[in-house]
Amino acid sequence: MAYLQLSNIEKYFGDHHAIKGIDLAIEKGEFVVFVGPSGCGKSTLLRLIAGLETIDKGSLQLDGRDITHLASSQRDLAMVFQSYALYPHMTVFENMSFALKLAGVEHATIRAKVEKAAAILDLGPYLARTPRELSGGQRQRVAIGRAIVRAPKVFLFDEPLSNLDAALRVQTRIEIARLHRELGATTIYVTHDQVEAMTLADRVVVLRDGRVEQHGTPLELYDHPANRFVAQFIGTPSMNVVAAKALPALANGSGDAGFVGIRPEHVHLNGHAQAGLPATVDMVESLGVETLIYARLENDVQIVSRGSERTQLHPGDRTWVTFDPDSVHHFDQAGNAEAAGASA
Ligand code: ATP
């Protein structure tokens, strides 16, 4: 049995079947990220694990104990929310120590634990301040510190970086990764941001409409997506996926009914060498480190290419598109991946 075992978990909100039977085994020390589009059920699944929603069907085991119907406070889990949920009238020290105080832990032990967590999170100078006197990033670190002092069996994060600006998101993301390395704590993290998912996770769980579409290491999902949905959800810009009959050059005998996919970095545009498929440039995005070019083939299919070279191409220019033939993904009519080179 895994450290945290979800077995056929289901959840209804009235008639709405939000979680449709999820099985997942999470190992001790693993950093697992739930990712998926808005409304897929990732926060609900986290809240079911936290005990903030009741589980309608299935079971949840943590470290050999059935916690399916246990109160949240009895589960030995700590949750960090997007909204921080700090007590505004309490100092940082009081916020971080509150749970231990409630549990009747003696003062000297509380002080030692809070000071240790504050040192890890660089919060030492702020212990006497109230949340109002802190930046957003510092508040989020207090919320994380509050979880750390409890030394829970599992840390649960619900979109913890959403309220931070772009630079602070990256910085806090790096801190969370470092924290996980140092503490080795089992962590489940919910985000809709696939870059966060890819950079933090040992394992990414892609959810859609209350079900698990696929789980695996970030690069397993990137290199071997099980279906069209995962292929297009992971990676920015998305994988190009078109009907096989619209790109027979890539279909490679896999039949007309399915789809072919190719990532933007495996698509090349050339304004001079008249090889490949003719196309017209729609849009150029020069990002400095990379260039994205959106081009339209003669059959009106739009393809995006990504390259590290800068380009002389402009919208309206004629160009020629070539593909790395070994990097083509094949999907059947239902959108499921076919083995490389397999025919339908
Ligand atoms: P987001 O990224 O937008 O937060 P999510 O994947 O976290 O989305 P959930 O919040 O888990 O999605 O919601 C899953 C589905 O369940 C949605 O259709 C939502 O409307 C519904 N839902 C969530 N909580 C409740 C509730 N308390 N009552 C009724 N329906 C709910």
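**View 1. Domain 1 and domain 2 have centres 38 Å apart, taken over C-alpha atoms.** This is a predicted model, and the protein shown here is divided into domain 1, residues 4–227, and domain 2, residues 237–338. Where the two domains meet, six residues of domain 1 and nine residues of domain 2 take part in the contact.

**View 2. About 500 Å² is buried between domain 1 and domain 2.** Carbon and sulfur atoms carry 47% of that buried area. On the domain 1 side, look for Tyr 222, Pro 225 and Asn 227: together they supply 81% of the area that domain 1 buries against domain 2, more than any other three residues.

**View 3. Three residue pairs are in polar contact across the interface of domain 1 and domain 2, with both residues of each pair at pLDDT 80 or more.** How many salt bridges are found across this interface? The count is zero. The side of domain 1 that touches domain 2 is made up of four nonpolar residues, one polar residue and one charged residue.

**View 4. The ligand has residues of the protein around it, including Phe 13, His 16 and Ala 18.**

View 5. For Lys 42, a polar side-chain atom lies 2.6 Å from a ligand oxygen. Taken alone, the ligand exposes 640 Å², and the protein buries 57% of that.

Key. Residues are numbered from 1 along each chain as its sequence is written. This is a predicted model: local features need pLDDT of at least 70, side-chain atom pairs count only at pLDDT 80 or more; totals for chains, interfaces and linings use all residues. Side-chain values use heavy atoms; hydrogens and water are left out. Domain bounds come from an automatic or database domain assignment. Contact means heavy atoms within 4.5 Å. Buried area is the accessible area (1.4 Å probe) that two parts lose on being put together, summed over both. A salt bridge is a side-chain nitrogen of Lys or Arg within 4 Å of a carboxyl oxygen of Asp or Glu. A polar contact is a pair of N or O atoms within 3.5 Å; within protein, one must be able to donate a hydrogen and the other to accept it, and residues adjacent in sequence count only if both atoms are side-chain atoms. Ala, Val, Leu, Ile, Met, Phe, Trp, Tyr, Cys and Pro count as nonpolar, Asp, Glu, Lys and Arg as charged, and the others, Gly among them, as polar. A residue is near a molecule or strand if one of its heavy atoms lies within 4 Å of it. Accessible areas come from the Shrake-Rupley method with a 1.4 Å probe; for residues, only the protein chains shown count as cover.
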